[in-house]
Amino acid sequence: ALIDGAASMMHMMNANTFTAGAYHMADAANQDAFCTKLKDNIMNRQWMCGFPDTLIVVTIGDEYVVSAFGNAEIIENFKTKLMAEYPVAELKFEESLAE
C-alpha cells in the first residue's frame, strides 16, 4: 500500500550476487517508514545459497526508493554510479549482510 509502482533486476546465476529494486512512493510522507520496513525485511532473511555481503537503501527525492544487495564490490559500484547519476540521492542505509 506504500508504493504504486516498482521494478527489479537480479543476477541471472545467483540472486545473492546482485538484486536491486526501485520503488515509486504512493505518498512521499511514507518514504522513511517504507525504507525502514524494506531494510528490516531484507536484514531478517535467511539465505540458503551463499550470503550477500552488503545491503543499501537509497532515496531519490521524495518519490523513489532504490534498494540493492549482493557482492560488496558490485554494490559499491552500483551505489557510486547511482549517486553520481542522481545528485539528490541520499544513502539511507548501508548494512553488512555477511555472516
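How much accessible surface does the protein have, and what share of that surface belongs to carbon and sulfur atoms? The accessible surface comes to about 6100 Å², and 53% of it belongs to carbon and sulfur atoms; such areas are computed by the Shrake-Rupley method with a 1.4 Å probe, with only the protein chains shown counting as cover for residues.

## Basis of the model

The model is predicted, so that local features need pLDDT of at least 70 and side-chain atom pairs count only at pLDDT 80 or more, while totals for chains, interfaces and linings use all residues. Residues are numbered from 1 along each chain as its sequence is written, and side-chain values use heavy atoms, with hydrogens and water left out.

## Overall architecture

The secondary structure consists of 2 helices and 5 strands, taken as DSSP runs numbered from the N terminus (helices H or I of at least four residues, strands E of at least two). Along the sequence these elements follow the pattern β-β-α-β-β-α-β.

The radius of gyration, taken over C-alpha atoms, is compared with a globule rule of 2.2 Å times the number of residues to the power 0.38; because a compact globule of 99 residues would have a value near 13 Å, the 13 Å of the protein agrees with that expectation. Along the principal axes, the C-alpha atoms fill a box of roughly 35 × 30 × 20 Å. Among contacts (heavy atoms within 4.5 Å) with a separation of 6 or more, 60% join residues 24 or more positions apart.

## Burial and nonpolar cores

Of the 99 residues, 35% count as buried, where buried means under 20% relative accessible area, exposed over 50% and partly exposed in between, with a 1.4 Å probe and protein chains only. A nonpolar core is a set of buried Ala, Val, Leu, Ile, Met, Phe, Trp, Tyr and Cys residues joined through side-chain atoms within 4.5 Å. The largest such core has 13 residues, with Ile-42 and Val-65 having the most contacts inside it. Strand E2, helix H1 (31-43), strand E3 (54-60) and strand E4 (64-70) each supply at least two residues of this core, and the largest share, 4 residues, comes from H1.

Leaving aside neighbours within four places in sequence, Ile-42 is in contact with Trp-47, Leu-55, Ser-67, Phe-69 and Leu-97. A second, separate core of 11 residues includes Val-58, Ile-60, Ala-68 and Ala-89.

Asn-16 is found in the loop between strand E1 (3-10) and strand E2 (18-25), and it counts as buried because its relative accessibility is 13%. Beyond residues up to four places away in sequence, Asn-16 touches Trp-47, Cys-49, Gly-50, Phe-51, Pro-52, Phe-69, Gly-70 and Asn-71.

Thr-19 lies in strand E2 and, at 16% relative accessibility, is likewise buried; with residues up to four places away not counted, Thr-19 touches Met-9, Met-10, Ser-67, Ala-68 and Phe-69. His-24, also in strand E2, is in contact with Leu-2, Ile-3, Asp-4, Gly-5, Glu-63 and Tyr-64, again leaving aside neighbours within four places in sequence.

## A position in helix H1

Ala-33 lies in helix H1 and is partly exposed, with a relative accessible area of 39%. Although Ala-33 and Leu-2 are 31 residues apart in sequence, their C-alpha atoms are 9.0 Å apart in space.
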